[in-house]
Amino acid sequence: MKIYFFGVAAVLAIAAIGCGSGGSSTESGLTKAQFIKRGDAICHTARRRKTEALKAWTEAPANKGKTFEDWSTAELEHVYLTVALPPVKQASQELADLTPPTGDVKAEEIVKSLAATVGALEENPRAALKGAPYYHTDKLAQAYGFKACGFL
C-alpha cells in the first residue's frame, strides 16, 4: 500500500511539539498555575498554526497527490524547516518571554530545553524526520503539568 504524502504531514506534525500566544518579559513572576495556563495557550495556538500550515502545504497544487516516496530527504528537511518548525520556534520564544515562577528551576529547564531543541533542529532538521526530537522536553513539560505543551 502506498503511503500518500498526507502521511508526511502527519509525521511532521507528530515530530514537532506544538506551542503560540503568550506573555511578556515585563510581567512579575507568574504562579505555577498561571505559567502552565499561559504556556498551554501558547502551545495550543502553535499546534493549530503548525497543523494549518502543513495542511495548506500538502493541499498546494504542486504537492497534491504526491506520495511520501516522491520527496527526497533534503526536500522533507526543507519542508520541516520552513513549514513545521516556525510555529514551534515562535512558541519557544513566547514561552521564554513568560516570567516563570520565581526560583522555579523546572520551569526554566523546560523553556531552555525547548529552545535548545529548536536550535538543534535548525542545524540538523534530519533529526526531526528520524524520531521524536522533543522527547526530553515533552517529558519535562508533562511532568510539570502542561497539557498542550509536551506530547509524544
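1. Ground rules. In this predicted model, local features need pLDDT of at least 70, side-chain atom pairs count only at pLDDT 80 or more, and totals for chains, interfaces and linings use all residues. Numbering starts from 1 along each chain as its sequence is written, and side-chain values use heavy atoms, with hydrogens and water left out.

2. Overall make-up. The protein chain has 6 helices and 0 strands, running α-α-α-α-α-α from the N terminus. Helices (H or I, at least four residues) and strands (E, at least two) are DSSP runs numbered from the N terminus. Of its 152 residues, 41% count as buried; buried means under 20% relative accessible area, exposed over 50%, and partly exposed in between, with a 1.4 Å probe and protein chains only. The chain exposes about 8000 Å², and carbon and sulfur atoms supply 58% of that (Shrake-Rupley method, 1.4 Å probe; for residues, only the protein chains shown count as cover).

3. α2 against α3. Helix α2 (residues 32-59) and helix α3 (residues 73-97) have axes that come within 9 Å and cross at roughly 165°. That makes α2 roughly antiparallel to α3. Axes here are lines fitted to C-alpha atoms, for helices over the stretch in contact, with angles from 0 to 180 degrees between N-to-C directions; under 35 degrees counts as roughly parallel, over 145 as roughly antiparallel, 65 to 115 as roughly perpendicular and the rest as oblique. The crossing of α2 past α3 is right-handed (the near helix is turned clockwise from the far one by less than a right angle; left-handed if anticlockwise).

4. Who meets whom there. Among the α2 residues in this contact (heavy atoms within 4.5 Å) are Gly-39, Ala-46, Ala-53 and Trp-57, and the α3 side includes Val-79, Val-83, Pro-87 and Glu-94. By class, the contact of α2 with α3 divides into 13 nonpolar, 2 polar and 3 charged residues. Ala, Val, Leu, Ile, Met, Phe, Trp, Tyr, Cys and Pro count as nonpolar, Asp, Glu, Lys and Arg as charged, and the others, Gly among them, as polar.

5. Trp-57. This one is worth a look: Trp-57 sits in helix α2 and counts as buried at 18% relative accessibility.

6. α3 against α4. The axes of α3 and α4 come within 9 Å and cross at roughly 155°. That makes α3 roughly antiparallel to α4, and the crossing is left-handed. Tyr-80, Leu-85 and Ser-92 are among the α3 residues making the contact, with Val-111, Leu-114 and Glu-122 among those of α4. The contact of α3 with α4 has 11 nonpolar, 1 polar and 2 charged residues.

7. α4 against α6. Helix α4 (residues 105-123) and helix α6 (residues 135-144) have axes that come within 9 Å and cross at roughly 155°. The pair is therefore roughly antiparallel, and α4 passes α6 in a left-handed crossing. The contact includes Ile-110 and Leu-114 of α4, and His-136 and Tyr-144 of α6. Its residues divide into 6 nonpolar, 4 polar and 2 charged.

8. Ile-36. Which residues does Ile-36 touch, not counting those up to four places away in sequence? Tyr-144, Gly-145 and Phe-146 are its partners. Ile-36 lies in helix α2 and is buried, with a relative accessible area of 13%. Ile-36 and Ala-148 are 112 residues apart in sequence, yet 9.2 Å apart in space, C-alpha to C-alpha.
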